[in-house]
Amino acid sequence: MTSGNLLTDNPELYEARFPDPERLAGRWAEDCLRRYGSGPHVLDLGCGTGRDAAHLHAMGRSVVGADLSEAMLTYARDRHPGPQYVRADLRDFSPDALGTTPDTPGASGVFDAVVCLDSALLYCHTNDDLDGFLASCRRSLVPGGLLVAEMRNGAYFLGRDDLLNTPRYNSLTWQGVSYRSATTLRIDRTAQLLRRSRVWTADDGSAPVEQHSAWRLLLPQELRHFLTAHGFTVLELHDGPGPRTEPPWQEGDLPGTAADADRLHVVARLAD
């Protein structure tokens with residue numbers, strides 16, 4: 001096993017652990033972009049293995065996929081070609097850093113939409129991180145551009161503990177090795193974080209590996225406030241249906257009106 005993040009360092013294993021053969025996440029994002037008439041230039045932040053970026057590219061869009069993991073970017077370029085893949089920190093980025101510049105001198109952005117799926121936005125742990133992310137989106141989007149995001153819902157954990165403090169187990173076989181993971185979630189209320197510990201064991205004789213990560217717990221109205229403060233108008237803010245809800249989103253489904261379940265979906269438009 002690796003000494004870093006096992007899934008990030010091994011993108012094939014990541015896709016085996018979190019399969020999306022029907023490209024639900026990419027299709028859901030494309031549906032949002034079409035519903036609000038987005039232009040073709042899309043930035044996929046936290047693109048991971050590139051599955052969603054490649055789907056958006058296949059739909060005829062010009063896509064830049066950005067991620068911090070070089071292993072993920074290398075895999076994306078090889079397995080999911082089409083988009084341009086670049087290394088960037090979602091808490092602070094600009095068109096120049098992404099290797100793109102506005103077509104018109106003095107223009108404020110180059111992308112018609114920013115897509116941020118699978119709770120990538122929640123790696124912004126502090127208010128400064130969130131401000132940096134939204135300021136970067138504002139710099140990179142054309143006037144009227146869209147932000148489409150999907151993430152865990154902090155409101156779900158108000159008074160609920162069914163997902164907390166008890167290990168959840170998963171197993172899979174990859175490259176002839178059987179892996180087993182035990183994942184435990186707990187809330188750090190002071191930091192407003194959902195902390196995750198995951199212990200990996202394998203049947204190849206390697207030592208167990210324990211890894212830690214965390215997501216910011218954002219409440220729906222808190223997220224709405226941040227977006228509004230940065231010049232966005234919230235078009236949708238709901239708990240489902242979405243690509244990781246139960247039941248999952250299907251073609252033709254309209255956005256819901258509640259914000260109570262464990263996923264949160266937002267579409268916002270930057271002011272003209």
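**View 1. R152 lies over the face of W215, 4.8 Å from the ring centre.** A charge counts as sitting over a ring if NZ of Lys or CZ of Arg is within 6 Å of the ring centre and within 35 degrees of the ring normal. Keep in mind that this is a predicted model: local features need pLDDT of at least 70, side-chain atom pairs count only at pLDDT 80 or more, and totals for chains, interfaces and linings use all residues. Residues are numbered from 1 along each chain as its sequence is written, and side-chain values use heavy atoms, with hydrogens and water left out.

View 2. Rings of Phe, Tyr and Trp (its six-membered ring) pair if their centres lie within 6.5 Å; planes under 30 degrees apart are stacked, over 60 edge-to-face, and the rest tilted. Y156 and F157 are edge-to-face because their planes stand at 90 degrees, with centres 5.6 Å apart. Y156 is buried at 13% relative accessibility, and F157 is buried at 6% (buried means under 20% relative accessible area, exposed over 50%, partly exposed in between, with a 1.4 Å probe and protein chains only).

**View 3. W174, Y179 and W200 are linked into a cluster by ring pairs.** How are W174 and Y179 arranged as an aromatic pair? Their pair is tilted, with 6.2 Å from centre to centre and 45 degrees between the planes. Both W174 and Y179 are buried.

**View 4. Strands β1 (residues 41–45) and β2 (residues 62–67) pair in the parallel sense over five bridges.** Strands (E, at least two residues) are DSSP runs numbered from the N terminus, and two of them pair if DSSP finds at least two bridges between them. Look for D44, which stands opposite G65 in β2.

Key:
Helices (H or I, at least four residues) and strands (E, at least two) are DSSP runs, numbered from the N terminus.
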